[in-house]
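Biologist: Please put the model on the screen so that we can go through it together.

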Amino acid sequence: IKPVKIALPTFQFEEYMTSKSRKVDKALDEALPMQHPEKIHEAMRYSLLAGGKRIRPVLCIASCELVGGDESLVMPMACALEMTHTMSLIHDDLPALDNDDLRRGKPTNHKVFGERTAILAGDALLALAFEHVAAKTVGVSTDRVVRAITELGSALGAEGLLKGQVTDLDSEGKDVSLSELEYIHVHKTAKLLEASVVCGVIIGGGNVIEIERVRNYARCIGLLFQVVDDILDVTKSSTVLGKTAGKDLLSDKATYPKLMGIENAKKFADELFSQATKELAYFEVSKAAPLYHLAKYIVSRQN
Ligand code: GRG
């Protein structure tokens, strides 16, 4: 008997990302018009419209559509996720934290507008995010909107992203174990990705099992994102500096290759990818395609 070849449905991932992120850009532009006081609005718009990859809003829309919800229902929530992500980047770049000069290929917010305005622009984006979902979501029950807002608040706060940031700062100059490193990334990176998919499923009317599946998926891709980042740090810098003196080896920062070796880090990335796709097996293949390809994009990116 000849084996039957099953053709997986083709999916144009790049076209999908481009089309969804363009819609998100337009919605963000409309959500934050220039108005008085001008400097703060200019600073907020500068970072919000600076052209990130829009992974969080696209995850949110894809998850809403995964459970049969329409994109229009979830757009305010998708915008809120990008607003909070952007505020965390503005604050992270400040001299008191990472003190970075560049973000998304442009000078950081405080470099352009000054530190005081950058702090306030971040605060204002955080407040706007919650106002925007509450005021602009149409056609979704209040119960679902409140549940989604609760998810976002807890993903950002002292039990979520902020906890990851605090733990990361506390670990500076200390030996970090593998489980501590994972704890930092689960909070700092994965929590907001989890909120993105969970809020999408809640707004789209999904059930508790669907919420759990996408939550586990997002936790895997959050860690995957960081493992791949660490691997690229080694492989990119070893080509530039020579095999024994990669950036990874020169810095104090704990990374997966440092703690488990490069080959095990690659194996771990493969395991996370395969676990993420297992979580998606619960859903219809064609509907889960965007989330599957997003995970694939994260595992196979080269920079
Ligand atoms: C959340 C209230 C509150 C305060 C912020 C400063 C801070 C507290 C947290 C730092 C969070 C941080 C910078 C985490 C790293 C997240 C991460 C993986 C960023 C890169 O995401 P990409 O690659 O970036 O999606 P783009 O630019 O494409 O959007």
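Biologist: To begin with R104: buried or exposed?
Modeller: R104 is exposed, because 12 other C-beta atoms lie within 10 Å. By the rule, a residue is buried with 20 or more other C-beta atoms within 10 Å of its own, exposed with 12 or fewer, and partly exposed in between, with C-beta atoms placed from the backbone. Please note that this is a predicted model, in which local features need pLDDT of at least 70 and side-chain atom pairs count only at pLDDT 80 or more, while totals for chains, interfaces and linings use all residues. Residues are numbered from 1 along each chain as its sequence is written.

Biologist: Where is R104, and what is its phi?
Modeller: R104 sits in the loop between β1 (102-103) and β2 (106-107). Its phi is near 50°, a positive value in a residue other than glycine. Strands are DSSP runs of E with at least two residues, helices are runs of H or I with at least four, and the numbering starts at the N terminus.

Biologist: What about R54, buried or exposed?
Modeller: R54 counts as buried, because 23 C-beta neighbours lie inside 10 Å. Its place is in the loop between α2 and α3 (55-66). R54 is not a glycine and has a positive phi, near 65°.

Biologist: Which residues does the cis peptide bond join?
Modeller: The cis bond joins H36 and P37, with omega about -5°. P37 belongs to the loop between α1 (13-31) and α2 (38-48).

Biologist: Staying with α2, at what angle do the axes of α2 and α6 cross?
Modeller: They cross at roughly 75° and come within 9 Å. The axes are lines fitted to C-alpha atoms over the stretch in contact, and angles run from 0 to 180 degrees between N-to-C directions. The helices α2 and α6 are therefore roughly perpendicular to each other. For such labels, under 35 degrees is roughly parallel, over 145 roughly antiparallel, 65 to 115 roughly perpendicular, and the rest oblique.

Biologist: Which residues make that contact?
Modeller: From α2 there are K39, I40, A43, M44, S47 and L48, and from α6 there are T117, A118, L120, A121, A124 and L125. By class, nine residues of this contact are nonpolar, two polar and one charged. Contact requires C-beta atoms, placed from the backbone, within 7 Å.

Biologist: Is A124 buried, exposed or partly exposed?
Modeller: A124 counts as partly exposed, because it has 18 C-beta neighbours inside 10 Å. The residue lies in helix α6 (residues 115-136). Apart from neighbours within four places in sequence, A124 is in contact with I40 and M44.

Biologist: Changing topic: how many residues are in the largest nonpolar core?
Modeller: That core has 74 residues, and C60, M77, I221 and L224 have the most contacts inside it. Helix α4 (residues 71-93) gives the most to the core, with twelve residues. A nonpolar core here is a set of buried Ala, Val, Leu, Ile, Met, Phe, Trp, Tyr and Cys residues joined through C-beta atoms within 7 Å.

Biologist: What does M77 touch?
Modeller: Not counting residues up to four places away in sequence, M77 touches C60, V133, T137, A148, C199 and I203.

Biologist: Which residues come nearest to the ligand?
Modeller: Of the 17 residues around the ligand, the nearest are G52, K53, S88, D92 and Q165. The elements giving two or more residues to this shell are α4, α8 (161-170) and α9 (178-204). Helix α4 has the largest share of the shell, five residues. The shell contains seven nonpolar, six polar and four charged residues.

Biologist: Towards the end of our list, how do α13 and α14 cross?
Modeller: The axes of helix α13 (residues 262-280) and helix α14 (residues 285-300) come within 10 Å and cross at roughly 175°. That makes α13 roughly antiparallel to α14. In α13, residues A269, F273, A276, T277 and L280 meet A288, L291, Y292, A295 and V299 in α14. This contact has nine nonpolar, one polar and no charged residues.

Biologist: Finally, where is K253, and how far is K253 from D175?
Modeller: K253 is in the loop between α11 (247-250) and α12 (256-260). K253 and D175 are 78 residues apart in sequence and 9.2 Å apart in space, C-alpha to C-alpha. K253 counts as partly exposed, because it has 15 C-beta neighbours inside 10 Å.

Notes: Two residues are in contact if their C-beta atoms, placed from the backbone, lie within 7 Å. Ala, Val, Leu, Ile, Met, Phe, Trp, Tyr, Cys and Pro count as nonpolar, Asp, Glu, Lys and Arg as charged, and the others, Gly among them, as polar. A residue is near a molecule or strand if its C-beta atom, placed from the backbone, lies within 6 Å of it.
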